[in-house]
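This report is written for a reader working with the sequence and the coordinates side by side. Please look at both before going on.

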Amino acid sequence: MNNTKITNHKGSILLMSVILMTFLIFLLGALINTTIICYKLKSSQHTYTYNGYMSESGLDEGVALAFILYNNVLDECIEIYSNLYHSTLLTVIDLNKGHYHLSETPLSKYIIQNGLDCYILSEQAIRKDFEDFFIKTFDDEFNKIIKNYQSVIDSYIRLSIIKEQFQFNEGRSQYYLQSSYNLKNVPRKHQITIKIAPPELSDTFISCSKINFEICHWRILYGY
Amino acid sequence: MQKPVDFEIGICYNPIMKNKQGFTLIELVLTLAVLNIVMIPLFRFLFFSIDTYKMMQEQQKATMTMQGYMEELKGSSQYYNDLLVDTKHFWTGPDDIVVIIEPVSFYAFDDECLIYKITLKKEGLYKSYEIKGTLLNLEW
């Protein structure tokens, strides 16, 4: 049997070259792939750390904004309620003098009758009103601030209120703030819980003896 | 008709090896030229890979060092509160890390600043590395 395919070896060098070249190309491909994976892995570690700190910065900003707002609302409320307290006090004096009747004054809900023609100021009523007003004002303003938030640290920081527990009856509210930062497609997220309760004021509503601003449950969420 | 094997004397007649003249100079030169064309980019890529690997290793080390120092700074905020007034501070920390702390004036409250921006920089052989963060200064 005369098989030319087997006996003729003249073309074998071309075949070997093709095989060798294919092998070399595969080797080069594998090398490129390994290098790219290594580069991405190590590069993403730096980005991961960087993004983590930037995400944390968002929460720092959120807490600072809440703290500043808390104090601003407190100043505003103290001004309103110390005026209210003094107005009610003057009204009580007038009522006790018999200048006018209780139903004629708009401040009647802060005055209680203690015996016949004897009126006293209901500090508890003013305090309750103050607490409700404080929590409501803070809630409205804080939602507005977070909605229009633009970071001054880095424009890529995103901050949002993911859950809000507004416990009006208990006079306090709880905000779950979430900050995220996504640069070079390496997302990082952090969460925090801020508890807000009305401050404790002095008897005459002139000054604040204790503010109730609490940060709790600092959590780190790894990516989406 | 070729004789594949001479069993008597034990010599294998390989038809490819019949030509005993060897390679010509032109063939060798051509082979070397082709090899050069293939190997030069391959070696360049290999050296590039080694360089990149070294750079990444350096970056990883720098990141870890800076992360450690950043945690130290953030953790000991009470100690650094004495330093943090309304001016920008910078000093060189451990492992030649340059620390820059500056107040963010937007968060100024009652003559104090609530947020300070921390920048850590480290010069490497290949490039400089940077990490940024903030320090929350709430004292109430």
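## Basis and confidence

This is a predicted model, in which local features need pLDDT of at least 70 and side-chain atom pairs count only at pLDDT 80 or more, while totals for chains, interfaces and linings use all residues. Residues are numbered from 1 along each chain as its sequence is written, chains are lettered from A and ligands numbered from 1 in the order in which they are written, and side-chain values use heavy atoms, with hydrogens and water left out.

Within chain A, helix 1 (residues 4-7) has the lowest confidence, a mean of 57, and helix 3 (residues 123-147) the highest, at 89. Helices (H or I, at least four residues) and strands (E, at least two) are DSSP runs, numbered from the N terminus. Where pLDDT is low, the predicted coordinates should not be read in detail.

## Chain B

Two helices and eight strands make up the secondary structure elements of chain B, in the sequence order β-β-α-α-β-β-β-β-β-β. Of the 140 residues in chain B, 31% are buried; buried means under 20% relative accessible area, exposed over 50%, and partly exposed in between (1.4 Å probe, protein chains only).

Contact means heavy atoms within 4.5 Å. Counting contacts in chain B between residues at least 6 apart in sequence, 40% join residues at least 24 apart.

## The interface

Chain B contributes 37 residues to the contact and chain A 32 residues. The area buried between them is about 3300 Å², and carbon and sulfur atoms give 74% of this; buried area is the accessible area (1.4 Å probe) that two parts lose on being put together, summed over both.

The rule finds one salt bridge across the interface of chain B and chain A, a salt bridge being a side-chain nitrogen of Lys or Arg within 4 Å of a carboxyl oxygen of Asp or Glu. On the side of chain B that touches chain A, helix 1 (25-75), strand 5 (108-109), strand 7 (115-123) and strand 8 (128-136) of chain B each supply at least two residues. Helix 1 of chain B gives the largest share of that side, 18 residues.

## Salt bridges

Over all chains the structure holds eight salt bridges. In one of them, A:Glu56 and B:Lys74 meet at 3.1 Å, N to O. A:Glu56 lies in helix 2 (residues 12-97) of chain A and B:Lys74 in helix 1 of chain B, so this pair joins two chains. A:Glu56 is buried at 14% relative accessibility, and B:Lys74 is buried at 18%.

Within chain A, A:Glu123 pairs with A:Arg127 at 3.1 Å, N to O. These two are four residues apart in helix 3 of chain A, and therefore separated by about one helical turn. A:Glu123 is partly exposed at 28% relative accessibility, as is A:Arg127 at 22%. In chain B, a network of salt bridges links B:Lys121, B:Glu130 and B:Lys132.

B:Thr63, in helix 1 of chain B, is buried with a relative accessible area of 0%. Leaving aside neighbours within four places in sequence, B:Thr63 is in contact with A:Gln45, A:His46, A:Thr49 and B:Ile131.

A:Phe134, in helix 3 of chain A, is also buried, with a relative accessible area of 0%. Not counting residues up to four places away in sequence, A:Phe134 touches several residues, including A:Tyr70, A:Cys77 and A:Pro199. A:Phe134 and A:Pro199 are 65 residues apart in sequence and 8.8 Å apart in space, C-alpha to C-alpha.

Methods: pLDDT is the predictor's confidence in each residue, from 0 to 100.
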